[in-house]
Amino acid sequence: MAETVLFDYWRSSAAYRMRIALHLAGIAYTSVPVDLSKGEHRTPDHVARNPQGLVPVLDIDGHRFTQSLAMLEYLDETRGLNLLPEDPVTRAHARALAYAIAVDLHPVCNLSVATQAREMAGGGQDKMEFWMQRFIRPGLVAFEGLLAGFTQAPYCCGDTPGLADICLMPQLYNATRWRVNTDDLPRLSGVAAACAAHPAFAAAHPDKWQPAA
Ligand SMILES: N[C@@H](CCC(=O)N[C@@H](CS)C(=O)NCC(=O)O)C(=O)O
């Protein structure tokens, strides 16, 4: 059986999604750190793994995958994780929730994008924080609105964690990191509390993967 390897970075939200899903699936894996803060994602070794120069990359079942949403679908299809509702209409709405974060919000807050914005503004960490807050808060307010289409019992779309929860929790970690307040978003806060208490989400949390200083 081929070893499962996640090319990972503790603070990467897309990698955090994969850690959650691997733990949900109960798949033992090796985490190989690719330190974005040291530019390791731009090295020839990593670009050979992923020509996009991004993390995560997942080696599993003898295959190498890039793009967290594609990997999540693969795990769902091969490990029966039930990440999406059965009914096609509800399924499309659940995907829309996940994509609101993974496709629309996450890319503008990516390290390379935010760093470029900060450099063009000629600023330091305060400019970076301004950029993050400018996009994260409206993105999460919109997510709260989209959640109204579902009953949170207690997860985004029902009683088991799904694709939307997997995308939400890493984004909320970023919100905290960049001092974005979400206390006034009750649906989102309820989901976050439920996910935080779930062992797979707890095991995947960046605090568990932060390298020793
Ligand atoms: N759509 C990709 C996004 C991957 C991505 O943006 N990864 C970030 C970390 S969360 C990264 O590697 N950033 C490096 C950079 O911005 O230079 C996925 O879902 O896998």
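A polar contact is here a pair of N or O atoms within 3.5 Å; within protein, one atom must be able to donate a hydrogen and the other to accept it, and residues adjacent in sequence count only if both atoms are side-chain atoms. The model is predicted, so local features need pLDDT of at least 70 and side-chain atom pairs pLDDT 80 or more, while totals for chains, interfaces and linings use all residues. Residues are numbered from 1 along each chain as its sequence is written, and side-chain values use heavy atoms, with hydrogens and water left out.

| Residue | Protein atom | Ligand atom | Distance |
|---|---|---|---|
| Arg17 | side-chain N or O | oxygen | 3.4 Å |
| His41 | side-chain N or O | oxygen | 3.1 Å |
| Val55 | backbone N or O | nitrogen | 2.7 Å |

Taken alone, the ligand exposes 510 Å², of which the protein buries 90% (accessible areas by the Shrake-Rupley method with a 1.4 Å probe).

The shell around the ligand comprises 15 residues (a heavy atom within 4 Å of the ligand). Val55, Gln67, Ser68, Asn110 and Ser112 are the closest. By class, the shell holds 6 nonpolar, 8 polar and 1 charged residues, with Gly counted as polar and Asp, Glu, Lys and Arg as charged.

Both domain 1 (5-81) and domain 2 (88-202) contribute at least three residues to this shell; the bounds come from an automatic or database domain assignment. Among the helices (DSSP runs of H or I, at least four residues), helix 1 (13-25) and helix 5 (111-120) each supply at least two shell residues. Helix 1 gives the largest share, 3 residues.
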